[in-house]
Amino acid sequence: MASVFAVVDPPIARSLVLKLFNERPIDPNVEEIIRLIDERGLDEVAPVGADDEHAFPLVATPKCLVFAEAGEEPIGIAVLRVDSDRFRPLNVVLNGTRVKRDLSYGTSIAVYLADLVNEIHSRGFVIGDISGTNLLADDSGFVTVVDVDSFGVEFDDGRSPISAGFATSNYIAPDILDGHATIASDRFVIACLILQFLLHGMHPFGGVRRGVLQSSIQENMSNNDSWLFARDEFVLPKPFHAYMSMESLPPTLRRLARAALRSPERPSAEEWLEATVAAADRIGFCEHCGQQKFEEAACSACSSGRDIPPFQVNPEDAPPTPPAATVPVATPTPSPPTTPPDVGSGGLWGLRKKRRA
Ligand SMILES: [Zn+2]
């Protein structure tokens, strides 16, 4: 556990918070990680909103060690500040209703999540402790990451890597149950989160295999048992149970999902970034029920675009299953789409300027 304090004066320090470790010594690697963050420019990337006032640290990097008295052991770190009124943890965002209703919003988060991880991985850092509390998003879908002091670092010159901290349950890739995170395990966990945002909040390892009383996301993940590959054999919770499937994704994202969850060649964050930016541009409304859907994908709110009938659900809560052509829908009220990220001709980089906080 650590205590976090706002820094009030001098004014330049308002962009920082102090994180003091009360009950454990500071990770001996933190000083080296702070140096490498500076050397590799991880604190220099910040997306820019409408103006400087809306800029935020893409990564809440530690900037320096904090000492109580000169010469003593460090008692904490000074970290770039993230506005907690604006950014909410991803597990809070995922439990809200907007991700379930607003595919444009979920896709924006997926885009900025892929962008964030690409920035981190391309500089040789491993996130390690990816979780719904360490990653945060705002109402525009911008994403930032905190608790960076557990990052790992990989080197090109043969030096042994600095190990990343341990992962959090429900975010542990199947190949690192007994060890530290790697860029490859980051890729697995990030793919799960990106897919969850592209699937209206339904986790790719959520749900329960038919005939099993219960299983956690981590159990399904450790067994690599995803409803995306065996839809008929899984019961998904409401409101996902009836029509959600791999076909809810457009073909490019289906291909990435298969590779990310099923193959040793997991797609990079850069590949996810390219695919999610393209998908964000191709969100339309279902002509049958009026809900948002990806073009080239089946509607997950009704059966439109699917060749087979809705999936079976628990007998006690089976939904009505009318023929596709006459799906009765209670007054379609399509939620207005949020503006998908405007990536312009310069890609996401065009939205960003170098900024040293
Ligand atoms: Zn529909």
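**Exercise 1.** Which residue of strand 5 does L20 stand opposite? Determine also how the neighbouring strands pair.

*Solution.* The model examined here is predicted.

Step 1. Locate L20: its opposite residue in strand 5 is G76.

Step 2. Consider the two strands involved. Strand 2 pairs with strand 5 (residues 74-80) in the antiparallel sense, over five bridges.

Step 3. Turn to the other pairing of strand 2. Strand 1 (residues 2-6) and strand 2 (residues 16-21) are also antiparallel, with five bridges between them. Within this pairing, A2 has F21 of strand 2 as its bridge partner.

**Exercise 2.** Identify the buried residues of helix 7, and explain how they are arranged around its axis.

*Solution.* 

Step 1. Helix 7 spans residues 251-262, which is 12 residues, and reaches 16 Å from its first C-alpha to its last, close to the 16 Å expected at 1.5 Å a residue.

Step 2. List the buried residues, for which the criterion is 20 or more other C-beta atoms within 10 Å. In helix 7 they are L253, L256, A257, A260 and L261.

Step 3. Explain the arrangement. These residues lie on the same side of helix 7 because they cover an arc of only 110° around the axis. In general, an α-helix has 3.6 residues a turn, so residues three or four places apart point the same way.

Step 4. Find what covers this side. The covering elements include helix 5 (183-198) and helix 8 (269-280).

**Exercise 3.** Describe the protein chain as a whole.

*Solution.* 

Step 1. Count the elements: the chain contains eight helices and 15 strands.

Step 2. State the burial: of its 357 residues, 42% are buried.

Step 3. Examine the contacts. Among those between residues at least 6 apart in sequence, 65% join residues at least 24 apart.

Key
Residues numbered from 1 in each chain as written. Predicted model: local features only at pLDDT ≥ 70, side-chain atom pairs only at ≥ 80, totals over all residues. Helix = DSSP H or I, 4+ residues; strand = E, 2+ residues; numbered from the N terminus. Expected span 1.5 Å × (residues − 1). Buried ≥ 20, exposed ≤ 12 C-beta atoms within 10 Å, placed from the backbone. Arc of directions from axis to C-beta. Contact = placed C-beta atoms within 7 Å. Pairing = 2+ DSSP bridges.
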